[in-house]
Amino acid sequence: MKKEKKGGSVKGFKRVWKDRELILLALPAVILLFLFSYVPMFGLTLAFKRFDYSKGLFGSPWCGLDNFKFLFLNKATFIRLLRNTVGYYAMFLVQGIICEVALALAVNELIYKKWGKFFQSCMILPTFISYVAVTYIVSALLDGDNSLINTILQSFDLKPIRFYLEAKYWPMILLLVNVWKQTGYGSVLYLASLSGIDREIYESAEVDGATRWQKIFHINIPLLAPMICIRMLLSLGGIMNSDTGMFYQVTKNVGALYPTTQVLDSYVMNAMTSGTDFSMTSAVTFFQSMVGLVLTIVVNKIVKRFSPESALF
């Protein structure tokens, strides 16, 4: 038995040594993942403690589910946060799938392929623009009587709109910001999937007399379905999370906009910057993580039952 174990360990070491270049290549990413995704998990214990600065994380007394009670007992605020968070997630998900797939198909169908590379570079650029810069852009368009949109409205003898005082306009504004900033990056992922489709499938369809639209609807979209499912499953883990930069910075955290713009993440950010108990904010983040985990597992099982090749695990 000892010889077998020794032989197995030697084989394992040889296999690791054989792939040493790949392991070294992946090592920085693994270290960053461990430091920023696993080490902070210790902070989730704050959700069940009454945090005391003098005693620290491990010395603070336990309080059970009291922090969660505080969250759920404030029903009006909790319902508003939950509605906004899930609502924006669903809206951005549907918009993302439609716009990203449509843009990827449009670029893929370009006759001059060199233009496709140029458009890909242009599409990705907004993804790398920080939300601080986006805030200034949106402010220049919307904030004040001299903003671009209000100047146009006044040129047609229309009254200017106080965008930062009226919450009803912001679901559409944030949707447009998300389309501009995220669609390009998502479409590149679908373009990569389209480039991997066997050309013989298209040639067979052309022999059968298929038009370009028929090839799109009967070849491209069905073959993109697994990628769409995988992206949906991966995004489910963050169903209760929102882009803090968008909801906290772009809206300038204006209280008048809270009915349609405040989500769980911006609520946590407000609580942390105002010096509220960190235990309560940890309870909110713990709730977000658990909902995402449960939904990912449940939906993955449903997808696996009907389409095993589209499931994550």
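**Loops, pockets and packing**

Modeller: At 35% relative accessibility, Lys-252 counts as partly exposed. Buried means under 20% relative accessible area, exposed over 50%, and partly exposed in between, with a 1.4 Å probe and protein chains only. This is a predicted model: local features need pLDDT of at least 70, side-chain atom pairs count only at pLDDT 80 or more, and totals for chains, interfaces and linings use all residues. Residues are numbered from 1 along each chain as its sequence is written, and side-chain values use heavy atoms, with hydrogens and water left out.

Biologist: Where is Lys-252 placed?

Modeller: In the loop between H12 and helix H13 (258-261). Helices here are DSSP runs (H or I, at least four residues), numbered from the N terminus. Phi of Lys-252 is positive, near 60°, and this residue is not a glycine.

Biologist: And what about phi of Asp-157?

Modeller: Asp-157 has a positive phi too, about 60°, although it is not a glycine. Asp-157 sits in the loop between H8 and H9.

Biologist: Is Asp-157 buried or exposed?

Modeller: Exposed, because its relative accessibility is 72%.

Biologist: Which helices supply at least two residues each?

Modeller: Helix H5 (75-108), helix H9 (170-195), helix H11 (212-236) and helix H12 (244-250). H5 gives the most, with nine residues.

Biologist: How does that lining split by class?

Modeller: Twelve nonpolar, ten polar and three charged. Ala, Val, Leu, Ile, Met, Phe, Trp, Tyr, Cys and Pro count as nonpolar, Asp, Glu, Lys and Arg as charged, and the others, Gly among them, as polar.

Biologist: What is Met-246 in contact with, sequence neighbours aside?

Modeller: Leaving out neighbours within four places in sequence, Met-246 contacts Phe-92, Tyr-131, Leu-174, Val-177, Asn-178 and Thr-251. Contact means heavy atoms within 4.5 Å. Met-246 is in helix H12. Its relative accessibility is 1%, so Met-246 counts as buried.

Biologist: How many cavities of 30 Å³ or more turn up?

Modeller: One, in a search of the whole structure. The largest cavity has a volume of about 40 Å³.

Biologist: Which residues line the largest cavity?

Modeller: Phe-70, Leu-71, Asn-74, Thr-77, Phe-78, Leu-81 and Tyr-267. Five are nonpolar, two polar and none charged. H5 gives the most to this lining, with three residues.

Biologist: Which residues of H4 are buried?

Modeller: In helix H4 (residues 66-73), the buried residues are Asn-67, Phe-68 and Leu-71. They cover an arc of only 95° around the axis, so they lie on the same side of H4. The arc is that of the directions from the helix axis to the C-beta atoms. The buried residues of H4 pack against H5 and helix H15 (278-306).

Biologist: New topic. Is Lys-49 buried or exposed?

Modeller: Buried, because its relative accessibility is 3%. Lys-49 lies in the loop between helix H2 (20-38) and helix H3 (56-59). Its side chain reaches the backbone oxygen of Phe-58 at 3.2 Å. Not counting residues up to four places away in sequence, Lys-49 touches several others, including Trp-62, Asn-67 and Ser-279.

Biologist: Last one. Which side chain does the side chain of Ser-147 make a polar contact with?

Modeller: That of Asn-150, at 3.2 Å. A polar contact is a pair of N or O atoms within 3.5 Å; within protein, one must be able to donate a hydrogen and the other to accept it, and residues adjacent in sequence count only if both atoms are side-chain atoms. A polar atom of the Ser-147 side chain also lies 3.4 Å from the backbone oxygen of Leu-141. Ser-147 is in the loop between helix H7 (131-142) and helix H8 (148-155). At 1% relative accessibility, Ser-147 counts as buried.

Definitions and conventions
On a 1 Å grid over the protein atoms alone, a cavity is a set of points where a 1.4 Å probe fits but cannot get out, and a pocket is an open set with protein on both sides within 12 Å along at least five of seven lines; lining residues have an atom within 4 Å of a point. Grid points are joined across faces, edges and corners, and a volume is the space filled by probe spheres set on the points.
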